Amino acid sequence: MYVGECQGPGVRTDFEMVHLRKVPNQYTHLSGLLDIFKSKIGCPLTPLPPVSIAIRFTYVLQDWQQYFWPQQPPDIDALVGGEVGGLEFGKLPFGACEDPISELHLATTWPHLTEGIIVDNDVYSDLDPIQAPHWSVRVRKAENPQCLLGDFVTEFFKICRRKESTDEILGRSAFEEEGKETADITHALSKLTEPASVPIHKLSVSNMVHTAKKKIRKHRGVEESPLNNDVLNTILLFLFPDAVSEKPLDVTTSTDNNYPPSESEDYNLYNQFKSAPSDSLTYKLALCLCMINFYHGGLKGVAHLWQEFVLEMRFRWENNFLIPGLASGPPDLRCCLLHQKLQMLNCCIERKKARDEGKKSSASDNVTNIYPGDAGKAGDHLGPDDLKETDKDKGEVGKSWDSWSDSEEEFFECLSDTEELKGNGQESGKKGGPKEMANLRPEGRLYQHGKLTLLHNGEPLYIPVTQEPAPMTEDLLEEQSEVLAKLGTSAEGAHLRARMQSACLLSDMESFKAANPGCSLEDFVRWYSPRDYVEEEVIDEKGNVVLKGELSARMKIPSNMWVEAWETAKPVPARRQRRLFDDTREAEKVLHYLAIQKPADLARHLLPSVIHAAVLKVKEEESLENISSVKKIIKQIISHSSKVLHFPNPEDKKLEEIIHQITNVEALIARARSLKAKFGTEKCEQEEEKEDLERFVSCLLEQPEVLVTGAGRGHAGRIIHKLFVNAQRLTESSDEAAAMTPPEEESKRMGSPEERRQNSVSDFPPPAGREFILRTTVPRPAPYSKALPQRMYSVLTKEDFRLAGAFSSDTSFF
């Protein structure tokens, strides 16, 4: 819209405008507009030079009735064989719930026409869209179509903002109404201490908790329980596949075909996202909670499943059943904290299991053929004097630490140091030099260390059985580093810090002394830190070249930590040392940590896994469609997410951005699918046509407007024509038979344009917008003026009529 004038050397152009809401009848077509144009020019020449015309008609297709949208919203009530609402557990839904393409706009253009060649008036028109030399297409996307994956993740993210604890969500009223009954879990401990004729193992804390739970459930009634039993059992079987048999198997990793192989880049995304591997229990739990939150009871369902999960963890700890779906070994610090905690619990179960199995065998066997790792355990039954006997039988059989039973601490407290040393045939460890120590019997040897021998007595050097260092999760490591940092820089603080850090070193020294009687610190250093033992060739008195070794400079610093530790270390084999890793205490800490997690904390822990799963899902769906622009966006999402998720508490806004990006990609893929379905790219027989169509569809996704090669006669053009014909048949024809005519017969019926025009129904609806540009060059205002360009643009839509003219006149010769 504009108005004004432009003055140039010898020329003036007037810009004028007409804007009406309603189109006057006589100007709805070309002949009326030509009259306006000519009258505005008011050219004195009698035969006016021909007016050149450009015309563009836009047709809108809104009705895709013959293409129902393929995405069915999941059926929430169906629960068959591990499928919830047509969705398997552990699989994320994908796709838009409505057609993400709302309209198709076809613009048919005649760029060069001359007045007189073409007739377009209120009775008859030559402008048939099929004949137009240029076709271009735009698609209108639905505004924020509802996408399943996006909704899934968004709803899960909303839990992060909830403040309630699990108890508040599931309601404690159930307890209070029970009256005086001991249904309250908090009474479990006092109940344990009451005198009772019930065997004590029946009264373990978790039994009490279980019975209390049963009462709650009875009280709540099945219909009130947030998750019905079928769903709950299906989920628990999905999470713990080993629970099918009577006694759970020792499964440490689950193998499943749905997940990428562990070497692939997709599998290792968890490093970048700080989530969990895509075949792990944590990852599966995240997906299940996501699904429950969406379909089965929302926040209450989440709290209920979490409660059941924590009970399952406690049950496994008490009964020595390993947790499936976790890689063995110490907690993987690249994963989220919850995953680390579960791995930590598994470490505890492994240690406890080894210890309990050791107890059984030591109780059942005789003293003579005792299981080599259980001499310490036997002490529980035999007392310190018999211990010497059992040690003889031990010999030098090597065992890894896991299979040694490291005795309960009460056992260490029963034996004072002196008694233990008497048992070893020595009064005091500190007074005795290496000579006296050499009288000790070696214990806890693993195997001989190559050709190394002890420096003092030339005995072979044995590698001892040592305790493994305690596994740590990242929060424990942080705690420890804070404590160490708080000790300050004073000498005392530094000394204390060194003592704390050297617990493991001291344990290894004690094991080494026990395995190698008569050894010295130099021997230990040669095995433990070979770089700190410097050897050089020297010539002795007899002129022979010999190797002379000594400790490195840092080992000779006065009051060196290693020297101090070596002096305090006594020859005690690993199995009789105080445990470096107290599995009972650590397991209880983990179980407590799990029990106090609110649903919001839980969602925060698991959100990286959910985002990880969503990215994998989007990648998988994209690979079916192969859209290059989406590939780029996915790469951006991954790099963005890995930056955001590596911080301990990412900002909500940044997380929302990531979820928004994932939803956008999902909508893009859904659009691609929608267009492919509409243009039938799969149905093309000829390879070349198929490629052209696919190229056309991908251009439609990425560009605002796409030219149709071959206009109405090209392959894409024919399909668009068919779409319009079908839509017209459905809207304008009341005769049902006509509505049911398949497109093939349609094309037979079409015939020539004349025949078609005589048909009652036209192939195209009336154009939604008509645009005309009229141009000519005439002398104005007088016949002898300079010939100057005149132009008029007009647009006609349902409720808009605009004329914009630029009329030039000569200012020199008028």
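User: How many helices and strands does the protein chain have?

Analyst: The chain has 30 helices and 16 strands. Those are DSSP runs numbered from the N terminus, with at least four residues of H or I for a helix and at least two of E for a strand. Keep in mind that this is a predicted model, where local features need pLDDT of at least 70, side-chain atom pairs count only at pLDDT 80 or more, and totals for chains, interfaces and linings use all residues. Residues are numbered from 1 along each chain as its sequence is written, and side-chain values use heavy atoms, with hydrogens and water left out.

User: Why is Gly171 called partly exposed?

Analyst: Its relative accessible area is 28%. Buried means under 20% and exposed means over 50% (1.4 Å probe, protein chains only), so a value in between is partly exposed. You'll find Gly171 in the loop between helix H3 (166-170) and helix H4 (173-176).

User: How much of the chain counts as buried?

Analyst: Of its 814 residues, 48% do.

User: What makes something a nonpolar core?

Analyst: Its members are buried Ala, Val, Leu, Ile, Met, Phe, Trp, Tyr and Cys residues, joined through side-chain atoms within 4.5 Å. The largest one here has 137 residues, and Leu305, Met313, Phe679 and Ile720 touch the most other members. There's also a second, separate core of 19 residues, including Ile463 and Met509.

User: Which residues is Phe679 in contact with, leaving aside neighbours within four places in sequence?

Analyst: Phe679 is in contact with Leu104, Leu693, Phe696, Val697, Leu700, Ile719 and Ile720. Contact means heavy atoms within 4.5 Å.
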